[in-house]
Amino acid sequence: MSPTQTEMIPLLWTVKDRGIFMASLQQFEESLKHKTIITGCKIAILSGSTTSLVSRLLKLFLMNNGIKAEILEGHFGNFFIDAMNPSAELIAFEPDVIYIHSSRVNLKSFGNLRSFEASDDGHSLVDNEVSQSLKIWKSLSDKFDCWVIHNNFDLSPESPLGNSEATEDFGHNYATTEINRRLVSESKNFAQVLIHDLNSLSASIGLDEWWSSRDWIQYGLAVSTMAHPRLGFSLASVITSVLGESKKCLVLDFDNTLWGGVIGEVGINGIELGPDSSRGKAFLEFQLTIKDLASRGVLIAGCTKNEMKNALSGLNHPNSILKPEDFAVIEASWDPKPIAIRRIIENLNFGMRAFVFVDDSKIEVHSVKTEFPEIETILLDSKFPEKYSSMVLRPRYFESLKLTKEDISRKGTQATPRVKKLKNASTYDHMQMLKDLNAVATIGRPTSDQLERVLQLVNKTNQFNLNGIRRTPLEIKKFAEDADSLVLVGEFKDDLTNYGLTTVIGGRFEGGSFKVEIWVMSCRTFDRYLEHAMLSVLQREMVAKSTNSFSLDFKRTARNDYFVGTGVALGLFDKSITDGTCQVDGKMMVIPSELPMKVVSR
Amino acid sequence: MKSSEDVLNSCNEIFRTVFSDTTLSINVATSASDIADWDSLAQIRLLMAMEQTFEIQFALDEVEDLQNVGEIVELILVKVNQ
């Protein structure tokens, strides 16, 4: 499978990883050979310095975005002449984009200690530099019907006169900053011209790494070899945006994504969100990032395995920066996420490529990536919520050319959270996806080492909980050891994750029947058919004890709606179930003949 | 002390990575004319990977007239054993 944009990002952020990336360039290029091509793009690069490396990287990153680039490189250092008097070759090439690869090495006026603001001939040196760019833009706009992407200027890592370089009107940094400001302002008069922000990019990498005297002197590279991957990536993001292929919608999980903890389990007061803890602050920071994206016109959708009331209560938490109205749509249900996402896609009416899906669960990300290869996915690690913002922002999915008023107001147009039932049967085969993960459920009586985990599950689990009754360690121990009782625990793992012990079922044999008094499961293994596996092993145990009926000691709690839903789906009882002992009609039970896992009894 | 064989073996790994060819086998006589993709860009990537791997720095004049792998190995050997 080709690497996704998100998978390539970590390789671009440290010098060491960029070194590996550069060495392995050819392997990355080969891995993209089978990438689906959405569109092509002809790019002419006008040279202010060596362009061969940026050209190759640009091709790679565009290909990674599904764009096949054809590139024509101009002669070394010839950008001004090529722009003023384009060659027949360049004209015949009919570029979609002209990229001017200039940078501070191309600033002509630098070198004399005099004011950049005013000089003897009445024109400032800043004016001279800006007017050269204006000539280029005018000439290219007259001759070509295409986008012109022009770098602004990076600062020098060295400051001969120290701080004065930024604060005095003869300073290099002062002048560069002034030129950059003027270029942005002037570019507003040229509809085709876009400024590529080399200045911020170089600052983000650090000027000491951005610039290499050796690479400049030896290879004519105005950006160090090691910084080049970031340059190529940044340009590819802008060109992707130019071609209208930026992402438009961010689909977010809720639990352990927007706040710490599972709200259905720990309740509104138990989630981590707020200034009182480091983790709570980290989730707040992430929400702020999302709010910022929403205010810039990115559509935000929620996709959470939750009861809607729980999902909304999280957003209505007093500390929550994101509110229900920030979401174009919220899908809160227990359906597999690919099905929920299909509903979101139908609802928002964008192509699949417009979506980015974010979740902290490997299986959710895997299932979405497998079902919709065109959707970019981001897997968050909930141990490090402080990294969430950069995980979402660094890929530059939402690059935008110019922000319109419509972008800013877009979020308001569909801000009615709703769960829309799927009308058409989805082609998504959840069972097959699960089968492909080679899951193994190991089910048996708990060992003494496992009793602590059993106690924890029984006393902390809320959503999948038969009755919400809390137990003492002694009660659990007795349950496990008593000859008339039976406790089964289920451990679960698949190719992606080892979930450990996530479910417990326990009860007593009474008068030829088995009465289930404990049945809990962690939300980590919801939707995996583990409850079916537990029932099938329980049935075997009952047969061994010549018991053929069972009952459930049920109680409705504030949070066990999920258990009720599962029980109804399993055919154990119907929706009208009331508190008390519920006899189960074994004939009505719905257990698929083939479960998407290997069940090992021990 | 690293031997020229150690350095050659490490260089071979770097060549395999840079040229994305797990079967590539270089020797001291291998030069740019033996490997089709060994252009100026590949040269930059090779030298960069060598600097990272051996934790050394090449001087400007040292890398200007390198003729073959043998000369690269010799250059690295002097630096790592200094």
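1. In chain A, strand β1 (residues 39-47) and strand β3 (residues 97-101) pair in the parallel sense over 5 bridges; strands count as paired where DSSP finds at least two bridges between them. A:Ile43 has A:Val97 in β3(A) opposite. Helices (H or I, at least four residues) and strands (E, at least two) are DSSP runs, numbered from the N terminus. The model is predicted: local features need pLDDT of at least 70 and side-chain atom pairs count only at pLDDT 80 or more, whereas totals for chains, interfaces and linings use all residues. Residues are numbered from 1 along each chain as its sequence is written, while chains are lettered from A and ligands numbered from 1 in the order in which they are written.

2. The β1-β3 pair belongs to an open sheet of 5 strands in chain A, in the order β2-β1-β3-β4-β5 with parallel pairing. At the edges stand β2 (67-73) and β5 (193-196) of chain A, each with a single partner strand, so one side of each has no neighbour in the sheet. On average, neighbouring strands of this sheet are turned by 25 degrees against each other, direction ignored. Helix α7 (residues 125-143) of chain A lies across β3, β4 (147-151) and β5 of chain A and runs at about 165 degrees to β4(A). Axes here are lines fitted to C-alpha atoms, for helices over the stretch in contact, and angles run from 0 to 180 degrees between N-to-C directions.

3. Strand β15 (residues 513-521) of chain A is largely enclosed by the rest of the structure, because 7 of its 9 residues are buried. A residue is buried if 20 or more other C-beta atoms, placed from the backbone, lie within 10 Å of its own. Strand β12 (residues 464-465) of chain A is joined to β15(A) by 2 bridges and runs antiparallel to it, with A:Asn465 opposite A:Val520.

4. Strand β14 (residues 498-510) of chain A is also antiparallel to β15(A), through 8 bridges, and A:Gly507 stands opposite A:Val516. The two strands, β14(A) and β15(A), form a hairpin with 2 residues between them; in the turn, A:Gly511 has a positive phi of about 50 degrees.

5. The pairing of β15(A) with strand β16 (residues 549-554) of chain A is parallel, over 4 bridges. A:Lys515 has A:Ser551 in β16(A) as its bridge partner. With helix α24 (residues 530-544) of chain A, β15(A) and β16(A) make a right-handed β-α-β unit; right-handed denotes a clockwise path from the first strand over the helix to the second, with the strands pointing away from the viewer.

6. Chain A is divided into domain 1 (5-242), domain 2 (249-428) and domain 3 (434-601), bounds that come from an automatic or database domain assignment. The centres of domain 2 and domain 3 of chain A, taken over C-alpha atoms, are 31 Å apart. Their contact takes 10 residues from domain 2 of chain A and 13 residues from domain 3 of chain A, contact requiring C-beta atoms, placed from the backbone, within 7 Å. On the domain 2 side, α14 (263-266) and α18 (362-371) of chain A each supply at least two residues, and α18(A) gives the largest share, 3 residues.

7. Between the chains, 12 residues of chain B are in contact with 16 residues of chain A. Helices α1 (4-18) and α2 (40-54) of chain B each supply at least two residues of the chain B side, where α2(B) gives the most, with 6 residues.

Methods:
Contact = placed C-beta atoms within 7 Å. Buried ≥ 20, exposed ≤ 12 C-beta atoms within 10 Å, placed from the backbone.
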